[in-house]
Amino acid sequence: MANLTESSTAGEAKNFLLFHMDSTEANDGVSEEPRSTVNPGLTKEQAWNVFFGAIIQKEDNEPIHYLALRNMIREFGSYYDDGSPEEEITNQMTCIGCGLPPDQIEEYIEMAREEGTTPKQIVLTEEGTYNGFEPGRFYCTSCYIKAGMPIVEEGSA
Ligand SMILES: [Zn+2]
């Protein structure tokens, strides 16, 4: 994923336009074609063709006039997927030792049942190691013992 900016290159703009190619068509495929935001005299598809026609003549590493980029962003929004992998979700609420989430760890399931809440909520409110070592993560009791019962330092994580 990436964002088009006013200093993007022709190659980036190409990827951007290709990503947004489908958004030029009516959602249901039968309604009237959507109009261009930048130039309401054109359909979105025609606007797309104008943009792409200008950019295809440039080398990928060539800069583009920022006004052209600004118009493309107005037309399609700045977001596009350039094929790079999504940022990995690092803040999963899992045990640092076994990697399991609270609802797969027996002790939290049991406590949650007793207190009429969810295992996740138990970890949030009762698990002292939560956020203590890694943001959003914790040690379940058996992993905590296996890890040598590390001490949560105030102000860490
Ligand atoms: Zn564990």
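**Figure 1. Asn49 in helix H2 of the predicted model.** Here we start with Asn49, a residue of helix H2 in a predicted model.

**Figure 2. The largest nonpolar core.** This core has 13 residues, and those touching the most other members are Leu4, Ala13, Phe16, Leu17, Phe51 and Met72. Helices H1 (10-19), H2 (44-55) and H3 (66-76) each give two or more residues to the core. H2 provides the largest share, with four residues. In soluble globular proteins, nonpolar side chains tend to be buried together.

**Figure 3. The surroundings of Ala13.** Leaving aside residues up to four places away in sequence, which partners does Ala13 touch? They are Leu4, Ser8, Ile55, Ile64, Leu69 and Met72.

Figure 4. Helix H5 spans residues 119-126, and Pro119, Ile122 and Val123 are buried in it. Why do these three lie on the same side of H5? Around the axis they cover an arc of only 95 degrees, so they share that side. The buried residues of H5 pack against helix H4 (106-115). Ile122 and Val123 also belong to a second, separate core of nine residues, which includes Cys95 and Ile105 as well.

Figure 5. The domain assignment gives domain 1 (2-80) and domain 2 (89-157), and their centres, taken over C-alpha atoms, are separated by 46 Å. The chain averages a pLDDT of 88, with 92% of the residues scoring at least 70. Over residues 87-91, however, the pLDDT is below 50, and this stretch has two contacts in the model beyond near neighbours in sequence. Where pLDDT is low, the predicted coordinates should not be read in detail.

**Figure 6. Stepping back to the whole chain.** Six helices and two strands make up the secondary structure, in the order β-α-α-α-β-α-α-α from the N terminus. The radius of gyration is 25 Å, whereas a compact globule of 157 residues would have one near 15 Å. Along the principal axes, the C-alpha atoms fill a box of roughly 65 × 40 × 20 Å. Of the 157 residues, 21% count as buried.

Methods. Residues are numbered from 1 along each chain as its sequence is written. This is a predicted model: local features need pLDDT of at least 70, side-chain atom pairs count only at pLDDT 80 or more; totals for chains, interfaces and linings use all residues. A nonpolar core is a set of buried Ala, Val, Leu, Ile, Met, Phe, Trp, Tyr and Cys residues joined through C-beta atoms within 7 Å. A residue is buried if 20 or more other C-beta atoms lie within 10 Å of its own, exposed if 12 or fewer, and partly exposed in between; C-beta atoms are placed from the backbone. Two residues are in contact if their C-beta atoms, placed from the backbone, lie within 7 Å. pLDDT is the predictor's confidence in each residue, from 0 to 100. Domain bounds come from an automatic or database domain assignment. The arc is that of the directions from the helix axis to the C-beta atoms. The radius of gyration is taken over C-alpha atoms; the globule rule is 2.2 Å times the number of residues to the power 0.38.
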